[in-house]
Amino acid sequence: MTSDSDKNAYPEPPRQTPVVDKQTALPNPALILTKLFYYSVDLPVTTFKELVDGIQSGNKQKYYHQKFRRVPDLTECTEGDYLCYYEAEMQWRRDYKVDQEIVKVVQERLRACQQREGASYQPDLYMILKIFLKSKCLNLSNTNHINFLFK
């Protein structure tokens with residue numbers, strides 16, 4: 001500090017925090033209720049939940065999506081077997097939704113490839129389409145399918 005500064009302009013902070021002057025000797029009822037709730041409800045429930053989670057975590061399997069068993073096709077159902085009709089219809093709807101999502105992902109990749117590569121996008125597009133067709137279990141030993149798409 002310089003010698004010409006005024007010490008009264010910036011007084012030093014107090015060395016100790018002031019003690020709160022309580023008006024009454026009675027404890028705070030909100031504090032009592034909070035502690036009562038914590039020890040009577042929250043703590044036992046939390047402890048029980050952690051105990052159960054600890055037991056279950058040992059044999060917990062991770063499922064990222066629900067797996068359905070494959071059912072016979074609608075043409076393979078016997079006549080009058082309405083449960084088989086329903087299961088085949090639901091399986092077809094699930095397969096259709098999955099196929100729609102796959103097509104959306106491939107279309108998004110194709111658009112991104114075309115945007116990223118500009119005029120020279122066809123070789124990369126060829127690889128993306130090849131991967132897509134492999135995923136759909138088509139015979140890729142003869143690549144005429146893909147070559148036809150790029151003519």
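Author: Helices are DSSP runs of H or I with at least four residues, strands are runs of E with at least two, and both are numbered from the N terminus. On that basis, the elements of this protein run α-α-α-α from the N terminus on. This is a predicted model, where local features need pLDDT of at least 70, side-chain atom pairs count only at pLDDT 80 or more, and totals for chains, interfaces and linings use all residues. Residues are numbered from 1 along each chain as its sequence is written, and side-chain values use heavy atoms, with hydrogens and water left out.

Reader: What makes up the elements of the protein, in helices and strands?

Author: There are 4 helices and 0 strands. Helix 1 covers 29–57, and helix 2 spans residues 82–117.

Reader: How do you know whether R70 is buried or exposed?

Author: Its relative accessible area is 56%, so R70 lands in the exposed class. R70 sits in the loop between helix 1 and helix 2, and touches Q91 and D95, leaving out residues up to four places away in sequence.

Reader: What lines the largest pocket?

Author: H65, Q66, F68, R69, R70, Q91, R94, D95 and V98. The volume is about 190 Å³. By class, that lining has 2 nonpolar, 3 polar and 4 charged residues. (Ala, Val, Leu, Ile, Met, Phe, Trp, Tyr, Cys and Pro count as nonpolar, Asp, Glu, Lys and Arg as charged, and the others, Gly among them, as polar.)

Reader: What makes a set of points a pocket?

Author: On a 1 Å grid over the protein atoms alone, a pocket is an open set of points with protein on both sides within 12 Å along at least five of seven lines, and lining residues have an atom within 4 Å of a point. The volume is the space filled by probe spheres set on the points.

Reader: Which residues line the second largest pocket?

Author: R70, P72, D73, L74, A88, E89, Q91, W92, D95, Y96 and D99 do. About 160 Å³ of space lies in there, and the lining splits into 5 nonpolar, 1 polar and 5 charged residues.

Reader: How many aromatic pairs does the structure hold?

Author: There are 3 aromatic pairs. In one of them, the rings of Y38 and Y39 have centres 4.9 Å apart and planes at 80 degrees, so the pair is edge-to-face. The rule wants centres within 6.5 Å, with planes under 30 degrees apart counted as stacked, over 60 as edge-to-face and the rest as tilted. Y38 is partly exposed at 37% relative accessibility, whereas Y39 is exposed with 54%.

Reader: Why is the pair of Y82 and Y85 called edge-to-face?

Author: Their planes are at 85 degrees and their ring centres 5.7 Å apart, so the pair is edge-to-face. Y82 and Y85 both lie in helix 2, 3 residues apart, or about one turn of the helix. Y82 is exposed at 63% relative accessible area, and Y85 counts as partly exposed at 28%.

Reader: Further along helix 2, what makes L110 count as partly exposed?

Author: L110 has 22% relative accessibility, so the partly exposed class applies. L110 touches L125 and I128, residues up to four places away not counted. C-alpha to C-alpha, L110 and Y121 are separated by 9.0 Å, at 11 residues apart along the chain.

Reader: And how do you know whether V103 is exposed or partly exposed?

Author: V103 has a relative accessible area of 36%, so V103 is partly exposed. V103 also belongs to helix 2. Its C-alpha atom is 8.8 Å from that of F132, 29 residues apart in sequence.

Terms used. Rings of Phe, Tyr and Trp (its six-membered ring) pair if their centres lie within 6.5 Å; planes under 30 degrees apart count as stacked, over 60 as edge-to-face and the rest as tilted. Buried means under 20% relative accessible area, exposed over 50%, partly exposed in between (1.4 Å probe, protein chains only). On a 1 Å grid over the protein atoms alone, a cavity is a set of points where a 1.4 Å probe fits but cannot get out, and a pocket is an open set with protein on both sides within 12 Å along at least five of seven lines; lining residues have an atom within 4 Å of a point. Contact means heavy atoms within 4.5 Å.
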